[in-house]
Amino acid sequence: MTLQEYDYARETPSKLAASCLLLALTMKNLGGWTPTLEYYSGYSAQDLHPLVKRLNFLLTYQPRDKLNAVRSKYSHRVFFEVAKVTPMDMLKLEETLTSS
């Protein structure tokens, strides 16, 4: 989704990937940013928080008329139906990020 949003072009691919992973871990309640993830990514959780919030906002307020083929593809069981996962409430995400 970020490939079509100009605002994300200035982010490094590694930071974008790390932020997506942190958001996914948070959304699925699979734990937070571990010291191992911090070591290998080079990013602390605090470095990623602003981008994680922007990504969740993008998921929450995405236009439904765009990317229908992508949404359809990732709604399939083969891809674990990730397109059907509901974004986190912004306040709950903020609370979860600050508590970890």
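# Pocket lining and helix packing

Helix 1 (13-27), helix 3 (45-60) and helix 4 (68-73) each supply at least two residues of the lining of the largest pocket. Helices here are DSSP runs of H or I with at least four residues, numbered from the N terminus. The model is predicted, so local features need pLDDT of at least 70 and side-chain atom pairs count only at pLDDT 80 or more, whereas totals for chains, interfaces and linings use all residues. Residues are numbered from 1 along each chain as its sequence is written, and side-chain values use heavy atoms, with hydrogens and water left out.

## The largest pocket

The volume of the largest pocket is about 850 Å³, taken as the space filled by probe spheres set on grid points that are joined across faces, edges and corners. A pocket is an open set of points on a 1 Å grid over the protein atoms alone, where a 1.4 Å probe fits, with protein on both sides within 12 Å along at least five of seven lines; lining residues have an atom within 4 Å of a point. The lining comprises 26 residues, and M1, M27, L59, V82 and A83 lie nearest the centre of the pocket. Helix 1 contributes 6 residues, the largest share of this lining. By class, 19 lining residues are nonpolar, 3 are polar and 4 are charged. In this scheme Ala, Val, Leu, Ile, Met, Phe, Trp, Tyr, Cys and Pro are nonpolar, Asp, Glu, Lys and Arg are charged, and the others, Gly among them, are polar.

Axes are lines fitted to C-alpha atoms over the stretch in contact, and angles run from 0 to 180 degrees between N-to-C directions.

| Helix pair | Angle | Axis distance |
|---|---|---|
| Helix 1 and helix 3 | about 75° | 8 Å |
| Helix 1 and helix 5 | about 105° | 11 Å |

Helix 1 and helix 5 are therefore roughly perpendicular to each other, a term covering angles of 65 to 115 degrees. Their contact (heavy atoms within 4.5 Å) involves L22, L23 and T26 of helix 1 together with L93, T96 and L97 of helix 5. The residues of this contact are 4 nonpolar and 2 polar, with no charged residues.

Helix 1 and helix 3 are likewise roughly perpendicular to each other. On the helix 1 side, K15, L16, A18, S19, C20, L22, L23 and M27 take part, and they meet A45, D47, L48, H49, L51, V52, L55, N56 and L59 in helix 3. This contact divides into 12 nonpolar, 3 polar and 2 charged residues.

## Individual residues outside the helices

E11 lies in the segment before helix 1. Its relative accessibility of 17% makes E11 buried, where buried means under 20% relative accessible area, exposed over 50% and partly exposed in between (1.4 Å probe, protein chains only). Leaving aside residues up to four places away in sequence, E11 touches L51 and R54.

G42, in the loop between helix 2 and helix 3, counts as exposed at 54% relative accessibility.

Most residues other than glycine have a negative phi. N29, in the loop between helix 1 and helix 2 (35-41), has a positive phi of about 55° although it is not a glycine. N29 is exposed, with a relative accessible area of 68%. F80 also has a positive phi, near 60°, and is located in the loop between helix 4 and helix 5 (90-99). With a relative accessible area of 72%, F80 is exposed.

How values were computed. Angles under 35 degrees count as roughly parallel, over 145 as roughly antiparallel, 65 to 115 as roughly perpendicular and the rest as oblique.
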